[in-house]
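Here is a short report on one protein model. Look at the fold first, then read on.

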Amino acid sequence: MGGLVARAFRNFNVESRAHKVVSQEKPKAAPLHPTTPHELRIQNAAVRDKVYKKDDHLLSLLREVYVDSTDPSPVQARKDVISNQQEERRLPKQTFKHDHFSILAIENIPKGKISIIEALTVLSSHKRQPETWTAEKIAEEYSLELKDTKSLLEFFIPFDVKIIPPKDAKQIKST
(Lines give C-alpha, C1' and ligand atoms only; values in the text may rest on other atoms or scores of the structure.)
Protein backbone atom coordinates (compact mmCIF):
# COMPACT_ATOMS: atom_id res chain seq x y z
CA MET A 1 0.00 0.00 0.00
CA GLY A 2 2.84 2.35 0.77
CA GLY A 3 4.24 1.85 -2.74
CA LEU A 4 1.05 3.14 -4.31
CA VAL A 5 1.13 6.34 -2.30
CA ALA A 6 4.80 6.95 -3.05
CA ARG A 7 4.26 6.33 -6.77
CA ALA A 8 1.31 8.73 -6.82
CA PHE A 9 3.36 11.56 -5.30
CA ARG A 10 6.30 10.82 -7.60
CA ASN A 11 4.14 10.89 -10.74
CA PHE A 12 2.08 13.92 -9.71
CA ASN A 13 2.29 16.71 -12.30
CA VAL A 14 5.27 15.07 -14.04
CA GLU A 15 4.69 16.66 -17.45
CA SER A 16 4.52 20.25 -16.24
CA ARG A 17 7.58 19.78 -14.03
CA ALA A 18 9.54 18.38 -16.99
CA HIS A 19 8.52 21.35 -19.23
CA LYS A 20 9.63 23.74 -16.51
CA VAL A 21 13.13 22.15 -16.27
CA VAL A 22 13.58 22.00 -20.06
CA SER A 23 12.53 25.62 -20.57
CA GLN A 24 15.09 26.98 -18.09
CA GLU A 25 17.98 28.98 -19.52
CA LYS A 26 21.20 27.07 -20.07
CA PRO A 27 24.29 28.24 -18.10
CA LYS A 28 26.80 30.33 -20.03
CA ALA A 29 30.21 28.86 -20.83
CA ALA A 30 33.26 30.30 -19.10
CA PRO A 31 35.08 33.02 -21.07
CA LEU A 32 38.08 31.92 -23.11
CA HIS A 33 41.60 32.96 -22.20
CA PRO A 34 42.55 36.24 -23.88
CA THR A 35 44.84 35.81 -26.88
CA THR A 36 48.41 37.04 -26.81
CA PRO A 37 48.96 40.56 -28.08
CA HIS A 38 50.47 41.14 -31.51
CA GLU A 39 53.76 42.52 -30.09
CA LEU A 40 54.38 39.34 -28.09
CA ARG A 41 53.70 37.22 -31.16
CA ILE A 42 56.35 39.15 -33.08
CA GLN A 43 58.86 38.84 -30.22
CA ASN A 44 58.14 35.13 -29.92
CA ALA A 45 58.70 34.76 -33.64
CA ALA A 46 62.15 36.36 -33.30
CA VAL A 47 63.07 34.02 -30.49
CA ARG A 48 61.67 31.06 -32.42
CA ASP A 49 63.79 31.94 -35.46
CA LYS A 50 66.88 32.23 -33.27
CA VAL A 51 66.26 28.83 -31.66
CA TYR A 52 65.66 26.97 -34.92
CA LYS A 53 68.47 28.65 -36.87
CA LYS A 54 71.56 26.45 -37.36
CA ASP A 55 74.72 27.77 -35.76
CA ASP A 56 77.75 26.85 -37.87
CA HIS A 57 80.23 27.36 -35.02
CA LEU A 58 78.41 24.93 -32.72
CA LEU A 59 78.03 22.41 -35.53
CA SER A 60 81.78 22.50 -36.22
CA LEU A 61 82.52 21.91 -32.49
CA LEU A 62 80.07 19.02 -32.46
CA ARG A 63 81.72 17.37 -35.46
CA GLU A 64 85.05 17.31 -33.60
CA VAL A 65 83.62 15.22 -30.75
CA TYR A 66 84.01 11.47 -31.23
CA VAL A 67 82.64 8.92 -28.78
CA ASP A 68 83.51 5.25 -29.02
CA SER A 69 82.01 2.81 -26.52
CA THR A 70 81.43 -0.89 -26.32
CA ASP A 71 78.66 -2.23 -24.15
CA PRO A 72 79.01 -5.57 -22.36
CA SER A 73 76.53 -8.25 -23.30
CA PRO A 74 73.19 -7.77 -21.53
CA VAL A 75 73.40 -11.20 -19.88
CA GLN A 76 76.85 -10.52 -18.38
CA ALA A 77 75.85 -7.00 -17.25
CA ARG A 78 72.78 -8.42 -15.46
CA LYS A 79 74.89 -11.08 -13.70
CA ASP A 80 77.34 -8.40 -12.50
CA VAL A 81 74.50 -6.26 -11.10
CA ILE A 82 72.94 -9.23 -9.28
CA SER A 83 76.25 -10.34 -7.77
CA ASN A 84 77.00 -6.78 -6.57
CA GLN A 85 73.57 -6.54 -4.94
CA GLN A 86 74.05 -9.89 -3.20
CA GLU A 87 77.46 -8.82 -1.89
CA GLU A 88 75.98 -5.60 -0.47
CA ARG A 89 73.14 -7.48 1.27
CA ARG A 90 75.32 -10.04 3.04
CA LEU A 91 75.92 -9.64 6.71
CA PRO A 92 79.49 -9.53 8.00
CA LYS A 93 80.57 -13.04 8.89
CA GLN A 94 81.70 -14.10 12.32
CA THR A 95 83.21 -17.50 12.95
CA PHE A 96 82.15 -19.77 15.80
CA LYS A 97 84.49 -20.08 18.73
CA HIS A 98 83.25 -23.59 19.51
CA ASP A 99 81.82 -25.97 16.95
CA HIS A 100 80.52 -28.81 19.11
CA PHE A 101 77.03 -28.66 17.66
CA SER A 102 77.31 -29.23 13.92
CA ILE A 103 73.53 -29.73 13.69
CA LEU A 104 72.87 -26.06 14.39
CA ALA A 105 75.43 -24.74 11.92
CA ILE A 106 74.48 -21.13 11.20
CA GLU A 107 76.59 -19.49 8.54
CA ASN A 108 75.99 -15.74 8.85
CA ILE A 109 76.07 -14.05 12.23
CA PRO A 110 76.58 -10.29 12.26
CA LYS A 111 79.22 -8.68 14.44
CA GLY A 112 77.91 -7.78 17.87
CA LYS A 113 75.62 -10.84 17.97
CA ILE A 114 76.21 -14.41 19.09
CA SER A 115 74.46 -17.67 18.34
CA ILE A 116 72.57 -19.74 20.88
CA ILE A 117 75.46 -22.20 21.00
CA GLU A 118 77.93 -19.46 21.80
CA ALA A 119 75.57 -17.95 24.39
CA LEU A 120 75.30 -21.28 26.19
CA THR A 121 79.06 -21.76 26.00
CA VAL A 122 79.67 -18.27 27.41
CA LEU A 123 77.20 -18.82 30.25
CA SER A 124 78.64 -22.19 31.23
CA SER A 125 82.22 -20.85 31.08
CA HIS A 126 81.25 -17.89 33.26
CA LYS A 127 79.44 -20.14 35.73
CA ARG A 128 82.43 -22.49 36.03
CA GLN A 129 85.17 -19.83 36.12
CA PRO A 130 83.74 -16.38 36.91
CA GLU A 131 87.21 -14.95 37.70
CA THR A 132 88.60 -15.94 34.29
CA TRP A 133 85.50 -15.29 32.16
CA THR A 134 84.49 -11.81 33.26
CA ALA A 135 81.97 -9.67 31.42
CA GLU A 136 84.77 -7.54 29.96
CA LYS A 137 86.67 -10.54 28.60
CA ILE A 138 83.51 -12.08 27.09
CA ALA A 139 82.56 -8.76 25.46
CA GLU A 140 86.03 -8.44 23.96
CA GLU A 141 86.22 -12.10 22.85
CA TYR A 142 82.83 -12.17 21.09
CA SER A 143 82.69 -8.52 19.88
CA LEU A 144 79.75 -7.61 22.10
CA GLU A 145 78.82 -4.45 23.96
CA LEU A 146 79.77 -4.50 27.63
CA LYS A 147 76.32 -3.38 28.78
CA ASP A 148 74.61 -6.22 26.89
CA THR A 149 77.14 -8.75 28.14
CA LYS A 150 76.54 -7.75 31.77
CA SER A 151 72.78 -8.03 31.24
CA LEU A 152 73.22 -11.45 29.64
CA LEU A 153 75.26 -12.78 32.56
CA GLU A 154 72.91 -11.31 35.14
CA PHE A 155 69.47 -12.17 33.76
CA PHE A 156 69.89 -15.17 31.44
CA ILE A 157 70.20 -18.37 33.49
CA PRO A 158 69.20 -21.30 31.29
CA PHE A 159 70.13 -24.37 33.34
CA ASP A 160 69.87 -23.37 36.95
CA VAL A 161 68.21 -26.32 38.71
CA LYS A 162 66.91 -25.67 42.18
CA ILE A 163 65.53 -28.51 44.24
CA ILE A 164 63.20 -27.32 46.93
CA PRO A 165 62.84 -29.95 49.66
CA PRO A 166 59.31 -30.67 50.78
CA LYS A 167 58.29 -29.51 54.23
CA ASP A 168 57.47 -33.05 55.21
CA ALA A 169 58.91 -34.31 58.47
CA LYS A 170 59.10 -37.90 57.21
CA GLN A 171 61.86 -37.32 54.70
CA ILE A 172 65.06 -39.31 54.77
CA LYS A 173 68.09 -37.29 55.71
CA SER A 174 71.33 -38.04 53.97
CA THR A 175 74.39 -38.56 56.15
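This is a predicted model: local features need pLDDT of at least 70, side-chain atom pairs count only at pLDDT 80 or more; totals for chains, interfaces and linings use all residues.

Where is the place of N13? N13 sits in the loop between helix 1 (2–10) and helix 2 (14–22).

**Two residues with positive phi**

Most residues other than glycine have a negative phi. N13 is not a glycine, yet its phi is positive, at about 55°. N13 counts as partly exposed, because its relative accessibility is 42%. S143 is another residue other than glycine with a positive phi, near 55°. S143 is found in the loop between helix 7 and helix 8. S143 is partly exposed too, with a relative accessible area of 35%.

**The overall plan**

How many helices and strands are there in the protein? There are eight helices and zero strands. Read from the N terminus on, the elements run α-α-α-α-α-α-α-α. The protein has 175 residues, and 11% of them count as buried. Now take the contacts between residues at least 6 apart in sequence: 34% of these join residues at least 24 apart.

**The largest nonpolar core**

In soluble globular proteins, nonpolar side chains tend to be buried together. Here the largest nonpolar core has nine residues. They are V122, L123, W133, A135, I138, Y142, L144, L152 and L153. Three helices each supply at least two residues of this core: helix 6 (116–128), helix 7 (135–141) and helix 8 (146–155).

Take L123 from this core. L123 is found in helix 6. Is L123 buried or exposed? L123 is buried, because its relative accessible area is 10%, and buried means under 20%.

A135 is another core residue. Leaving aside neighbours within four places in sequence, A135 is in contact with L146, T149, K150 and L153.

K137 lies over the face of W133, at 4.5 Å from the ring centre. As for aromatic pairs, the structure holds zero.

Which residues does L123 contact, leaving aside its neighbours within four places in sequence? They are L152, L153, F156 and P158. P158 lies in the segment after helix 8. P158 is partly exposed, with a relative accessible area of 36%. Apart from neighbours within four places in sequence, P158 is in contact with L120 and L123.

| C-alpha pair | Apart along the chain | Separation |
|---|---|---|
| L123 and I138 | 15 residues | 9.8 Å |
| P158 and L123 | 35 residues | 8.4 Å |

**The second largest pocket**

Rolling a probe the size of a water molecule over the atoms shows where empty space is left. About 160 Å³ of space lies in the second largest pocket. Its lining is made of G112, K113, I114, I116, A119, L144, E145, D148, T149, L152 and F156. Helix 6 and helix 8 each supply at least two residues of this lining. Which helix gives the most to the lining of this pocket? Helix 8 does, with three residues.

How values were computed. Residues are numbered from 1 along each chain as its sequence is written. Side-chain values use heavy atoms; hydrogens and water are left out. Rings of Phe, Tyr and Trp (its six-membered ring) pair if their centres lie within 6.5 Å; planes under 30 degrees apart count as stacked, over 60 as edge-to-face and the rest as tilted. A charge sits over a ring if NZ of Lys or CZ of Arg is within 6 Å of the ring centre and within 35 degrees of the ring normal. A nonpolar core is a set of buried Ala, Val, Leu, Ile, Met, Phe, Trp, Tyr and Cys residues joined through side-chain atoms within 4.5 Å. Buried means under 20% relative accessible area, exposed over 50%, partly exposed in between (1.4 Å probe, protein chains only). Helices (H or I, at least four residues) and strands (E, at least two) are DSSP runs, numbered from the N terminus. Contact means heavy atoms within 4.5 Å. On a 1 Å grid over the protein atoms alone, a cavity is a set of points where a 1.4 Å probe fits but cannot get out, and a pocket is an open set with protein on both sides within 12 Å along at least five of seven lines; lining residues have an atom within 4 Å of a point. Grid points are joined across faces, edges and corners, and a volume is the space filled by probe spheres set on the points.
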